[in-house]
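Please keep the sequence and the 3D view at hand while reading.

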Amino acid sequence: MAQIGLNGITKSFGDTIVLQGIDLQIADGEFLTLVGPSGCGKSTLLRIIAGLEAQSGGDVTIGDRQVNRLRPSRRDLAMVFQSYALYPHLSVQQNMETPLRLRDLGFWERAPLLGALLPGRGAKLDRLRANVREVAQVLEIEHLLARKPGQLSGGQRQRVALGRAMVRKPVAFLMDEPLSNLDAALRVHMRAELAQLHRALGTTFVYVTHDQAEALTMSDRMAVMMDGVILQLGAPSEIYRDPQHRKVAEFVGSPRINILEAETDSAGRVAAHGVQLQRRAAGCGARVSLGIRPEHLSLACERDNEGWPFTPTHKENLGADFFLHGHVNGGSTRLVARATPEQAIAISLGQEVRVRPDPGAAMLFGADDRRIRFLEA
Ligand SMILES: Nc1ncnc2c1ncn2[C@@H]1O[C@H](COP(=O)(O)OP(=O)(O)O)[C@@H](O)[C@H]1O
Ligand SMILES: [Mg+2]
């Protein structure tokens, strides 16, 4: 079993507090992503799980063992880095054998000449090579075993790095931005491969990325981190549809969620830039922010009186969809609305149209950035 527990983890480097008390229980076999902007503490947290960095406070558990004082090599975890960290002078086969040789062969058995004289070494080597072959088969890199890392493409190197982590059959894989050195198309392809590999292995994955799209597409659950705290933990669809915090809503989703200044009147009715939302919230007379995703805005060319006057200034063509970037009320408030190709063709830049929010999908955030629930109608 390899559930991983983080209980009240804090970390400071000198005067700088990097982690402010992280509580997180990662289930056995789960694909959990730590996602957040650069510098929020993701790598530090992963390194603390691995034992490569000591926490300032709190406990790490793996299975039912508290591992605070356990060396990295004894934690039975495998770390995969962005930089691959392959030995350039060794073949793929040798790269993948290395962790097993270190674990399974004694000091003298590893010695090139003397080792060959030791009884039992041959059988160990056979087992170890069979293990490498098996992993190479799963990753479809058998034909690369004789090559050196310099003779591989980025995607192939990443697969070898994974393979080297897999041969030890660790209780969990820890991955720190493993795809960020690949080009965009390959990155998208490798996302699917990693998710598939996770399903095939059934082993716990803890995956660090700053890329919200990676987190959304691969994870069972994602923990959105900012400034050393977890702002929200949940399934990707929940994080996207039901963010508890404005910063989470803004971080997840591309193009970004629209945020408009809004207010509630004495009856709690919510309005933004002159448009009544037909929804109510507690907290009268308060200044709030309205969050509305580009796909929850509908466009109308006729100038009926509903919705905000919207002047598009840029059309972003994504093939199946367009995103119209512009501003509302002729002012400085920027807005992005999704449009069908037909709508996008019908609307010219600089031409004022109307955009109407879907009130069921709008979200309200308080001055403290926390989510405010609408009252039932
Ligand atoms: N060894 C270190 N010494 C001092 N500060 C560090 C050290 N490692 C990381 N930091 C700081 O801790 C913060 C979080 O870093 P990191 O965990 O690498 O963030 P992320 O992986 O989310 O980009 C950053 O501000 C970084 O500068
Ligand atoms: Mg990092």
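## The pair β16 and β19

In this predicted model, strand β16, covering residues 308–317, pairs with strand β19, covering residues 353–357. The two strands are joined in the antiparallel sense over three bridges. Within this pairing, P309 is found opposite R354 of β19.

## The five-stranded sheet

The pair belongs to an open sheet of five strands, whose order is β15-β19-β16-β17-β18. The pairing in this sheet is antiparallel. Strands β15 (297–300) and β18 (334–339) stand at the edges; each has a single partner strand, so one side of each is left without a neighbour in the sheet. On average, neighbouring strands are turned by 45 degrees against each other, with direction ignored.

In a regular strand, side chains alternate between the two faces of the sheet.

Strand β11 (residues 258–264) pairs with strand β12 (residues 269–272) in the antiparallel sense, over two bridges. Here T264 stands opposite V270 in β12. The two strands form a hairpin with four residues between them, and G268 in the turn has a positive phi of about 85 degrees.

Strand β12 also pairs with strand β13 (residues 275–281), again in the antiparallel sense, over three bridges. In this case A271 faces Q276 in β13. β12 and β13 likewise form a hairpin, with two residues between them; H273 in its turn has a positive phi of about 45 degrees.

Which residues are around ligand 1? They are F13, V18, P37, S38, G39, C40, G41, K42, S43 and T44. By type, this shell divides into four nonpolar residues, five polar residues and one charged residue. Helix α1 (residues 42–50) gives the most to the shell, with three residues.

Several polar atoms lie beside oxygen atoms of the ligand. A backbone N or O atom of G39 is 2.7 Å from an oxygen atom of ligand 1, and a polar backbone atom of G41 is 3.1 Å from an oxygen atom of ligand 1. For S43, an N or O atom in the side chain lies 2.8 Å from an oxygen atom of ligand 1. On its own, ligand 1 has 560 Å² of accessible area, and the protein covers 56% of this area.

## The annotated domain

An unreviewed UniProt entry places the feature "domain: ABC transporter" at residues 4–252. In the model, the end C-alpha atoms of residues 4–252 lie 25 Å apart. This span is 38% helix and 25% strand.

Terms used: Residues are numbered from 1 along each chain as its sequence is written. Chains are lettered from A and ligands numbered from 1 in the order in which they are written. This is a predicted model: local features need pLDDT of at least 70, side-chain atom pairs count only at pLDDT 80 or more; totals for chains, interfaces and linings use all residues. Side-chain values use heavy atoms; hydrogens and water are left out. A residue is near a molecule or strand if one of its heavy atoms lies within 4 Å of it. A polar contact is a pair of N or O atoms within 3.5 Å; within protein, one must be able to donate a hydrogen and the other to accept it, and residues adjacent in sequence count only if both atoms are side-chain atoms. Accessible areas come from the Shrake-Rupley method with a 1.4 Å probe; for residues, only the protein chains shown count as cover. Ala, Val, Leu, Ile, Met, Phe, Trp, Tyr, Cys and Pro count as nonpolar, Asp, Glu, Lys and Arg as charged, and the others, Gly among them, as polar. Two strands pair if DSSP finds at least two bridges between them. Axes are lines fitted to C-alpha atoms, for helices over the stretch in contact, and angles run from 0 to 180 degrees between N-to-C directions. UniProt positions are given in the numbering used here, feature names are shortened, and annotations may be inferred rather than shown by experiment.
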